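Subject: The structure for you to look at

Hi,

Here is the structure I promised to pass on, together with some notes on what I found in it. Have it open while you read, and look for each place as we come to it.

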Amino acid sequence: MRVADQQMYNTLLGNLQRSRLQMLTSQEQVSSQKRVSTPEDDPSSYGQIVLDKSALSQTTQWNRNIDFGTARVNAADQALGQVQTLITRVRELTIQASSDTTSAEGRQGIAKEVRQLQRQLVQLGNTEVAGQAVFGGTKTNVSPFVITSGDTVTYQGNTETQSIAVGKNQTVQILIPGSSIFTGGTTNMFDSLRDLLTALESNNRPGIQTGIGNLDLATAQISDAQGTVGALANRLQVTHDALDTATLTISKAISDNQDADLAAAISQLSLQQVAVQAASQTFSKIFNASLLNYLP
C-alpha cells in the first residue's frame with residue numbers, strides 16, 4: 001500500500017507535537033515540583049487541594065488566635081504570681097505593725113513601705129501586652145487602675161470578658177477583668193490597702209488587725225484567679241497541640257495530591273527528550289528525501 005507524503009508528514013508532525021507537549025508538562029513538574037498546578041492537570045485532585053488549603057488557612061488562623069491569647073494569659077499568670085508575693089509581704093509587715101512592741105514611729109515607717117507596695121500593685125494591675133491592658137476587660141486601650149486621690153484607686157476598665165475563636169464553634173476566654181480580681185469578688189484589695197495605710201499612719205492597732213483579715217481574703221481571691229488563669233492556659237495549650245496535629249495531616253494531604261514524584265518526572269522528561277529528538281530527526285530525513293524528488 002502506497003503511503004502519501006502528506007499522510008506521513010501529518011503523522012510525524014502529530015507525534016512530534018504530542019511528545020513536545022508531554023516534555024513541556026514534565027519540565028513544568030520538575031521545575032515547580034508540583035504534579036497539579038491548574039484544574040486541567042487533575043480536576044479531582046485540584047478540587048481537593050483547594051478545600052484542604054482553605055482548611056489549612058483556617059487552622060493557621062486559629063493557632064494565631066491561640067498565640068495571641070496565650071501571650072495575654074501568660075502575662076496575667078505572671079502578674080498574679082507577683083501580686084501574691086506582694087500581698088504576702090504586706091501581710092508580714094502588717095503582722096509586725098500589729099505587735100505590741102511596734103511603736104507609732106515604727107508603724108509610720110511600715111506605712112511608707114506598704115504605700116510603695118500599693119503603687120507596685122497598681123502597676124501590676126495595669127499589666128500590658130503589646131500596648132493592650134490585660135486586666136481592663138474589653139477596654140484594653142486604657143490603664144485599668146488609677147490613683148485618683150490620696151491612696152484611693154479606681155477601676156476604669158469594664159466587667160466584660162474577651163474570648164477568641166480556636167475552632168469551629170469553639171471559643172476560649174483569654175481575659176479576666178480586673179474588677180473580679182483586684183476590686184471585686186470577695187474583697188477590694190486596693191480599698192483594703194488604703195484603709196491599712198490610714199490605720200498605720202494613725203497608729204490604729206485594731207484597724208491594723210482588721211487589715212490582716214482583709215489581706216487573707218485578698219490572698220484567697222488571687223489564688224482563685226490564678227487557678228482560673230492556669231486552667232485557661234492549659235486549655236489553650238491542649239487546643240494548640242490538637243491544631244498542630246491537624247495542620248500536619250492537612251499539609252500531608254495537600255502534598256500527596258499536589259506534589260510531583262520528582263524522580264519519576266525527571267525520568268519521564270529524559271524519555272520524552274529522546275522521543276522528541278528521534279521524531280525531529282525522522283521528520284527532517286523524510287522531508288529532505290521528498291524534496292529531492294522535486295529537484296530537476
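To start with something you can look up yourself: by about how many helical turns are D256 and K252 separated in helix α5? They are four residues apart in that helix, so the separation is about one helical turn. The side chains of D256 and K252 meet in a salt bridge, at 2.9 Å from N to O. K252 counts as exposed because its relative accessible area is 52%, where exposed means over 50%.

Before we go on, please keep in mind that this is a predicted model. The average pLDDT of the protein chain is 91, and 96% of the residues score at least 70. Confidence is highest in α3, at 98, and lowest in helix α6 (residues 262–292), where the mean is 77.

The structure holds 11 salt bridges. One of them joins the side chains of D151 and R115, again at 2.9 Å from N to O. This pair links distant parts of the chain: R115 sits in helix α3, D151 in the loop between β3 and β4, and 36 residues separate them. Both D151 and R115 are buried. Through shared partners, salt bridges join R115, R119, D151 and E201 into one network. Another salt bridge connects R194 with D195, whose closest N and O atoms are 3.2 Å apart. R194 is partly exposed at 25% relative accessibility, and D195 is partly exposed too, at 42%.

**Helix α3**

N126 counts as buried because its relative accessible area is 17%, under the 20% cut-off. Leaving aside residues up to four places away in sequence, N126 touches S143, P144 and F145.

**The nonpolar cores**

The largest nonpolar core has 49 residues, and F135 and F182 have the most contacts inside it. Two or more residues come from each of α2, α3, β5, β6, α4 (189–201) and α5 (205–258). The most come from α2, which gives 13. Apart from this core lies another, of five residues, including L16, M23, L269 and A279.

**A hairpin and some turns of the backbone**

Strands β5 (residues 162–167) and β6 (residues 170–175) pair in the antiparallel sense over five bridges. In β6, Q173 is the bridge partner of S163. The two strands form a hairpin with two residues between them, and N169 in the turn has a positive phi of about 60 degrees.

Q33 also has a positive phi, of about 60 degrees, although it is not a glycine. You will find Q33 in the loop between α1 (5–32) and α2 (43–97), partly exposed at 47% relative accessibility. A130, likewise not a glycine, has a positive phi of about 55 degrees. A130 lies in the loop between β1 and β2 (132–133) and is exposed, at 75% relative accessible area.

Enjoy exploring, and write back with any questions!

Best wishes

Terms used
Residues are numbered from 1 along each chain as its sequence is written. This is a predicted model: local features need pLDDT of at least 70, side-chain atom pairs count only at pLDDT 80 or more; totals for chains, interfaces and linings use all residues. Side-chain values use heavy atoms; hydrogens and water are left out. Two strands pair if DSSP finds at least two bridges between them. Buried means under 20% relative accessible area, exposed over 50%, partly exposed in between (1.4 Å probe, protein chains only). Contact means heavy atoms within 4.5 Å. pLDDT is the predictor's confidence in each residue, from 0 to 100. A nonpolar core is a set of buried Ala, Val, Leu, Ile, Met, Phe, Trp, Tyr and Cys residues joined through side-chain atoms within 4.5 Å. A salt bridge is a side-chain nitrogen of Lys or Arg within 4 Å of a carboxyl oxygen of Asp or Glu.
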